[in-house]
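Subject: Structure handover

Hello,

The structure we talked about is below, with its sequence. My notes on it follow.

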Amino acid sequence: MPEVPENFGFYAILTDPLVGYTRLTEILVGNNIPFIQLRVKNKDRSFIKKIALSMQSIVKGSNSRLIINDDVLLTKEIEAHGVHLGQEDMPYQEARKILGPDYIIGLSTHNMTQLQTANSLQPDYIGIGPVFATPTKQKPDPVIGLDGLKSMYKAAQVPAIAIGGINMDNLQTVLATGVKNFSAVRLLNESNHPQAVLKVILKI
């Protein structure tokens with residue numbers, strides 16, 4: 001089984017980055033960011049595959065791992081390190097059957113019921129959120145807030161990542177709940193200077 005450390009810090013998600021997928025991946029790999037997820041919505045598969053392959057070539061031989069959002073078959077096809085599944089994607093057991101034990105599988109959870117189900121499935125890691133309101137999803141899940149994050153994080157039996165509306169203004173309060181791993185999607189993707197943003201994030 002692939003090892004996902006309990007506490008690894010920043011989990012990067014790339015969705016239409018202003019500086020481009022290649023450049024942002026290079027910056028993240030250069031900063032030893034452990035997980036780099038490709039999340040592209042509403043584009044055809046050949047476009048996504050092309051980006052995934054270029055990211056894979058940058059990640060190769062580094063300390064970073066490439067995670068593909070939603071697409072289990074693409075993950076296997078390009079031999080990415082793993083896949084991240086939402087609640088409406090392919091069921092975890094089915095994905096594990098296709099990928100076998102050597103791939104990382106992450107799972108999104110949005111409430112305590114989903115988290116307890118995830119605990120019983122034992123994926124390699126889970127996402128917990130949205131902590132705050134976020135426009136990155138067309139059909140956003142209900143916000144769990146800091147209290148929800150705290151109780152879900154405490155109940156998680158696998159490494160967990162806080163996600164949803166996290167930015168420079170609220171990152172300190174998120175970390176104050178005891179959470180060690182987090183993602184900040186817009187903060188990174190909407191910046192013309194992601195290197196500088198990353199420096200601040202890692203310092204915090």
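Rings of Phe, Tyr and Trp (its six-membered ring) are taken as an aromatic pair if their centres lie within 6.5 Å; planes under 30 degrees apart count as stacked, over 60 as edge-to-face and the rest as tilted. With that rule, Phe8, Tyr11, Phe35 and Tyr125 form one aromatic cluster.

Some ground rules on the source. This is a predicted model, in which local features need pLDDT of at least 70 and side-chain atom pairs count only at pLDDT 80 or more, while totals for chains, interfaces and linings use all residues. Residues are numbered from 1 along each chain as its sequence is written, and side-chain values use heavy atoms, with hydrogens and water left out.

Aromatic pairs

The structure holds 5 aromatic pairs. One of them is Tyr11 with Phe35, which is stacked at 5.8 Å centre to centre and 25 degrees between the planes. Tyr11 lies in strand β1 (residues 11-14) and Phe35 in strand β2 (residues 35-38), so this pair ties together parts that are 24 residues apart in sequence. Helices (H or I, at least four residues) and strands (E, at least two) are DSSP runs, numbered from the N terminus.

Tyr11 is buried at 2% relative accessible area, and Phe35 is buried at 0%; buried means under 20%, exposed over 50%, and partly exposed in between (1.4 Å probe, protein chains only). Tyr11 also pairs with Tyr125, and that pair is tilted: 5.5 Å centre to centre, 55 degrees between the planes. Here the link runs from strand β1 to strand β6 (residues 125-128), 114 residues apart. Both Tyr11 and Tyr125 are buried.

The sheet

An open sheet is formed by 7 strands in the order β1-β2-β3-β4-β5-β6-β7, with parallel pairing; two strands pair if DSSP finds at least two bridges between them. β1 and β7 (160-162) stand at the edges with a single partner strand each, so one side of each has no neighbour in the sheet. From one strand to the next the twist averages 25 degrees. β6 and β7 run parallel and are joined by 3 bridges. Ile128 stands opposite Ala162 in β7.

Gln56

Gln56 lies in helix α2 (residues 45-59) and counts as buried at 9% relative accessibility. Leaving aside residues up to four places away in sequence, Gln56 touches Leu66, Ile78, Glu79, Ala80 and His81, where contact means heavy atoms within 4.5 Å.

Regards

Methods: Axes fitted to C-alpha atoms, helices over the stretch in contact; angles between N-to-C directions.
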